Amino acid sequence: FSILLADSLSSCRVLVVGAGGIGCELLKNLVLTGFKNIEVIDLDTIDVSNLNRQFLFQKKHVGKSKAQVAKESVLRFCPSANITAYHDSIMNPDYNVEFFRNFQLVMNALDNRAARNHVNRMCLAADIPLIESGTAGYLGQVTVIKKGQTECYECQPKPTQKTFPGCTIRNTPSEPIHCIVWAKYLFNQLFGEEDADQEVSPDTADPEVAWNPADAAARATASNKDGDIKRVSTKEWARSTGYDPVKLFNKVQLFKDDIMYLLTMDKLWKKRKAPLPLDWTEIHQLESSQEEAFGTGLKDQQVLGVQGYAQLFHRSVETLRSQLIEKGEGAELVWDKDDPPAMDFVTAAANLRMNVFSMNMKSRFDVKSMAGNIIPAIATTNAVIAGLIVLEALKTLNSDFDQCRTIFLNKQPNPRKKLLVPCALDPPNPNCYVCASKPEVTVKLNVHKTIVQALQDKILKEKFGMVAPDVQIEDGKGTILISSEEGETEANNNKFLSDFGIRNGSRLQADDFLQDYTLLVNLIHSEELEKDVEFEVVGDAPDKAPAPSVPEEGKNIANGNKDSAQPSTSSKAAAEDDDVLIVDSDEEPSSSTMEASPESSNRKRKHHDADTDATASKRKRLDQQPADDDEDIIALD
Amino acid sequence: LALALSRPRGEDNIISEEEAAQYDRQIRLWGLDAQKRLRGSRVLLVGLRGLGAEVAKNLILAGVKGLTLLDHEQVTEESRRAQFLIPVDADGQNQAQASLERAQLLNPMVEVKVDTDAVESKLDDFFFRFDAVCLTRCSKDLMVRVDQLCASRNIKVFCGDVYGYHGYMFSDLGQEHHYVEEKPKVVKGSNEANDGPEAKKRKVDPNETTMVKKTISFCSLKEALEVDWTNEKAKSSLKRTPADYFLLQVLLKFRTDKGRDPQPDSFAEDSQLLLQIRDDVLETMGLSSELLPNTFVSYCFSEMAPVCAVVGGVLGQEIVKALSQRDAPHRNFFFFDGLKGSGVVDYFGSK
């Protein structure tokens, strides 16, 4: 291609965010195409499961920084390339608008929604074109974002991570996933950071439990405020018994006593099959079922019997107990799917619960997929998408934005024979709460029950993608509610919004200075929000996920079930011909929300474009075991 | 008719811990059985330029049993810059040989071999030791010959090339290619007390799937390239026919006539020749030159790296599908236009 283009290629500077599945392929394509000045950032380290596709890494690199090793590998075949690698999170405030302005182009190779939102805003603030992309399995997508000319990443509301109501997890699980979420909560309650949103004991405040409303109220007041009848925290109790696996097993929280308690809530079981409690001693008296020789299959794909999982439970509790002791006083474990005893524990606990609730048990392989939000991934899909990214990059560098496209990669050709489907880019949404000139939203919540911390974490950070919000009340006095400076407004955290005079119709100005983003938040006070729902954004398109029983909005802290803010998994698209989903995939460093079943929401847009689904936010801490899978899934039209 | 899936060719049927860990993310996509079949397959890859290197990478990462890299040409500065397997100090070495070390490092569990002979010099039985053959940068005659040789022996044949912004792949999986597809299991809903439309709906259990066996047939490359456009049926399908098909015919003829592909160094001379060939080829087919407008010459010189990545990705995945006998193969051409970002699958040949 023309000499003119070649010159601008060698002089321009580009930023690649992510050095995983797409990132490796992208770096290779960029240097082979003639790009010379490349900066790459990734907070992750290399894992053996990356090696089937992240071809710049070898086994000997496991544990090392992805960005660093990627750079070294690329230099081997193109020593003249000028590559800077950052082993860091792109959300670190060091990477401010000025940093982004250094580049002519930014290309995302991310696997989580939070980082994508953030980079989207930074690129808008710096007015730098952004190429966004994602893959999952056989599917992929690329699109171009240019301020003022195209939609930004947040112009179309994306369905939030599917979460399950507390009562489903605690009282009436009906699918394996509910049991797996429960098992992860249990891990945290016993060994990790206790979370009020992750209760595992029977929920007496479940509205379904009571034959009449008065009864429900009576039960609720009779127990602790959260409907949790335990006076003592789970962890304290466990410690008091020395984490005795048998006692745990039989204990209230788990498979016998709590189940017996659940059984007394007879209304729950009128139309559902009642759970069958397990007793440790009884299990071991049963004829031990023939455990299949695992033969030619993967060991992990075996499904054990109840004894097998009871034993696994026993072993893993003992191992985890030792881990805790080793770590010392006040220690907490963080759940990690790649930590064998942690994975064993969830496998065992989830399966035992599945058995109690008459569900077919699942292999460790399958439980790991669900618990760890694993998105299957292969080299070829990433190779195709990364090729398309560079082709779009060439157009953007020429400012040929009218030539740029959103391109979808399907698994099979559509009726028009297209395997790769280019679609024209949409103009910006004038009501976008990010890229509109004066973004504004309306949020419904209960001012007497919402605390400042929740506003910050669940609403501004999780829902609206801010990283370090500053909030003032538009009360004529400019009262500062939240300051991004650490410690400054800590005293406000546990106060209710109404304590500050906030009421129906109040307006808040929320700023994220790093993102150069100001959002005006109108508040509507409501006492009629659904159970488990902490707030609602007015005007959000309803999520058309197949399970209508799942509330989309924020969760009531009191009822447990963390909202999707924490790393979550996205669901794969059920990739029909013209149905596309954009999905984010991210392993959760710790248990929080669980992903919905792989066949997730599928919504058609005017161009039969993709829908975005699920959210994930990657933890910024580098010492964290990072999100497992690097691919963002996009289903296509 | 019993649809027989061939037995997995793996010598041993066990997957090691190392394989399970490394291939975890792809086993979760295409299943253990498919992985085992891959693991028992030997593939011949001809041509180690941009496209070849991409296919090599994709197959090695996928975990085939063996991959033979065949190329008789020497590394030049141009060829070295076109791909990422050849080290910077390898000018003058054989291209396949120079690619070996990096290729092997991609996945030590695959047997990567090198052959420095010209593919034209290979006798028939050379090809029989492979389960699949992938030809890049080959002449039309050679491709037709190898295709005829292999398809009847159930050796899967693939061809592919990249010309500037354009690229294609072709596959011939034989008269009877057996494969499976995973479909959601349809289970009957439980008996409802009230017989309404709800009760009659069959419920799909989202978590359970079933494998459905299928068979599909492919035509030869010769047939695919020698479509008769003079009959009415063919003429009526012209509107829906990608121009890339005719572009391919032109480029293959150029390659046969000149013994090389169009080169930027001789842009003027080669463009002229391309236009001439276009006129000749289309006239011979009884078609109008308008099917392939003049602008095509600007965009078919040298291999573009991102186009190699796209075509190499699709081609690599088709080889994986064919060897693993899982999922419907694209039949029988894939054309990629890097200017438009469009990729189409189309069938040429006898129905």
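**Ground rules.** I number residues from 1 along each chain as its sequence is written, with chains lettered from A and ligands numbered from 1 in the order in which they are written. Because the model is predicted, local features need pLDDT of at least 70 and side-chain atom pairs count only at pLDDT 80 or more, while totals for chains, interfaces and linings use all residues; side-chain values use heavy atoms, with hydrogens and water left out.

**Entry 1: the interface.** I looked up contacts (heavy atoms within 4.5 Å) and found 57 residues of chain A touching 58 residues of chain B. The size of an interface is often given as the accessible area lost when the parts come together. Here the buried area (accessible area, 1.4 Å probe, that two parts lose on being put together, summed over both) is about 4,900 Å², and carbon and sulfur atoms give 61% of that. On chain A's side, A:Tyr138, A:Leu391 and A:Lys417 supply 12% of the area buried against chain B, more than any other three residues.

**Entry 2: charges across the gap.** How many salt bridges does the rule find across the interface of chain A and chain B? I noted five, each being a side-chain nitrogen of Lys or Arg within 4 Å of a carboxyl oxygen of Asp or Glu. One of them joins B:Glu18 to A:Lys59, with the closest N and O atoms 3.2 Å apart.

**Entry 3: who supplies the surface.** Next came helices (H or I, at least four residues) and strands (E, at least two), which are DSSP runs numbered from the N terminus. H16(A) gives the most to the side of chain A that touches chain B, with 10 residues.

**Entry 4: a strand pair between chains.** Strands pair if DSSP finds at least two bridges between them. I saw that S8(A) and strand S10 (residues 342–346) of chain B run antiparallel, joined by two bridges. A:Lys418 stands opposite B:Val344 in S10(B).

**Entry 5: inside chain B.** Is strand S9 (residues 333–337) of chain B buried or exposed? Five of its five residues are buried (under 20% relative accessible area, 1.4 Å probe, protein chains only), so S9(B) is largely enclosed by the rest of the structure. B:Phe333, B:Phe335 and B:Asp337 point one way, and B:Phe334 and B:Phe336 the other.

I then checked its partners. Strand S6 (residues 166–172) of chain B pairs with S9(B) in the antiparallel sense over five bridges, and B:Gly167 stands opposite B:Phe336. S9(B) also pairs antiparallel with S10(B) over five bridges, where B:Asp337 faces B:Ser342. S9(B) and S10(B) form a hairpin with four residues between them, and B:Gly341 in the turn has a positive phi of about 75°.

Conventions
Buried means under 20% relative accessible area, exposed over 50%, partly exposed in between (1.4 Å probe, protein chains only).
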